[in-house]
Amino acid sequence: MDDEPGHPPHDPAGPFRGDDRRMVIEISGLTKRYGGLSAVDGVSFAVDRGEVFGIVGRNGAGKTTTVECLTGLRAPDAGRIRVLGGDPATPAVRARIGVQLQQAALPDRMRVGEAMTLFATAYGRRRPWQGLLDEWGLADRARAAFGSLSGGQRQRLFIALALVNDPDLVFLDEITAGLDPEARQETWALVRRLRARGGTVVLVSHDLAEVAALCDRVAVLAGGRLVALDTPAALDLESAYFTLVGRE
Ligand SMILES: Nc1ncnc2c1ncn2[C@@H]1O[C@H](COP(=O)(O)OP(=O)(O)OP(=O)(O)O)[C@@H](O)[C@H]1O
């Protein structure tokens, strides 16, 4: 990856400050309320360039809301967010972010190549998508309908779609939910490949084994609050988790 590809020349939040250049995400006191409910309540953390950063927590913990604020889809009620040195709600920053779709997001009859063209066009095609399909083992599936793909192939397509704009930061949400063990292992290998390419990945998951296997550090959310943040090993994640978030 070259240095700051596509970095906006007139970043509204100003340039990186000194060492912040390696910081891809910086949030401080992030708060988002829905009516009287604090879905995210004063969360602070930073993600470095090249990290695979996990966000775990049970249903309703605030994971999706946090990611929606980080990708500029929701405006926080309080707190400070910097993504890739700027405000994620601005087109210049959003153009540098890749977001993986949820499973039901594509029509069964849409062909793989059509989906890639659609996404590439929406992003102004910063890179030709044929090479991406090749890279993610889907070159011979370009004319296949989405509905005919295996679970592993769908996941590879979702990752390829998330990379169509050559993003500097990728958000992956529940990437192995509903996959069989083989497709799950295959998907884990994809995340490791993203990391090896120098990408920064935020991985939202319910699966502690997955987070422990893939993530450099993990944030544990409970009731909208950050209750732990460390490497999976330092947290002793699997044994600490239920103490931290309580049982269902
Ligand atoms: N659009 C909304 N309007 C009102 N409440 C919402 C909205 N979105 C989320 N919430 C509530 O905010 C809280 C946090 O939800 P969020 O989806 O961020 O959690 P999550 O950790 O991603 O959960 P899940 O694992 O189920 O996706 C929950 O109590 C949820 O019901």
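This is a predicted model: local features need pLDDT of at least 70, side-chain atom pairs count only at pLDDT 80 or more; totals for chains, interfaces and linings use all residues.

Me: Where does Asp168 lie?

Reply: Asp168 sits in the loop between H5 and S6. Those names come from DSSP runs (helices are H or I with at least four residues, strands are E with at least two), numbered from the N terminus. Residues are numbered from 1 along each chain as its sequence is written, and side-chain values use heavy atoms, with hydrogens and water left out.

Me: Why does Asp168 count as buried?

Reply: Buried means under 20% relative accessible area, exposed means over 50%, and partly exposed is in between (1.4 Å probe, protein chains only). Asp168 has 5% relative accessibility, so it counts as buried.

Me: What joins the side chains of Asp168 and Arg96?

Reply: A polar contact of 2.8 Å. The term needs a pair of N or O atoms within 3.5 Å; within protein, one must be able to donate a hydrogen and the other to accept it, and residues adjacent in sequence count only if both atoms are side-chain atoms.

Me: Asp166 is found in that loop between H5 and S6 too. Why is Asp166 called partly exposed?

Reply: Its relative accessible area is 31%, which falls in the in-between band, so Asp166 is partly exposed. Its backbone is worth a look as well: phi of Asp166 is near 55 degrees, a positive value in a residue other than glycine. Glu174, in the loop between S6 and H6, also has a positive phi, near 50 degrees.

Me: How do you know that the length of helix H5 agrees with its number of residues?

Reply: The expected span is 1.5 Å times one less than the number of residues. With 12 residues (151–162), H5 should span 16 Å, and its end C-alpha atoms are 17 Å apart, which agrees.

Me: What makes H5 mostly covered?

Reply: 11 of its 12 residues are buried, among them Arg154, Leu157, Phe158 and Leu161. The cover includes strand S5 (97–99), helix H3 (112–122), helix H4 (129–135), strand S6 (169–173) and helix H6 (181–196).

Me: What is Glu186 in contact with?

Reply: Contact means heavy atoms within 4.5 Å. Leaving aside neighbours within four places in sequence, Glu186 touches Gly152 and Arg156. Glu186 belongs to helix H6, and the C-alpha atoms of Glu186 and Arg156 are separated by 9.0 Å, though the two residues are 30 apart along the chain. At 28% relative accessibility, Glu186 itself counts as partly exposed.

Me: Does Ala122 count as buried or exposed, and what makes it so?

Reply: Exposed, because its relative accessibility is 67%. Ala122 lies in helix H3, with its C-alpha atom 9.8 Å from that of Val164.

Me: Now the ligand. How many residues surround it, and which are closest?

Reply: There are 13, and the closest are Gly60, Gly62, Lys63, Thr64 and Thr65. A residue gets in if one of its heavy atoms lies within 4 Å of the molecule. H1 supplies the largest share of the shell, 3 residues; strand S2 (37–48) and helix H1 (63–70) each supply at least two.

Me: Which atom of Ala61 is 3.0 Å from an oxygen atom of the ligand?

Reply: A polar backbone atom. For Gly62, a backbone N or O atom lies 2.9 Å from a ligand oxygen, and an N or O atom in the side chain of Lys63 is 2.8 Å from an oxygen of the ligand. Taken alone the ligand exposes 630 Å², and the protein buries 60% of that (Shrake-Rupley areas with a 1.4 Å probe; for residues, only the protein chains shown count as cover).

Me: And what share of the chain do buried residues make up?

Reply: 50% of its 248 residues, in a chain with 9 helices and 9 strands.
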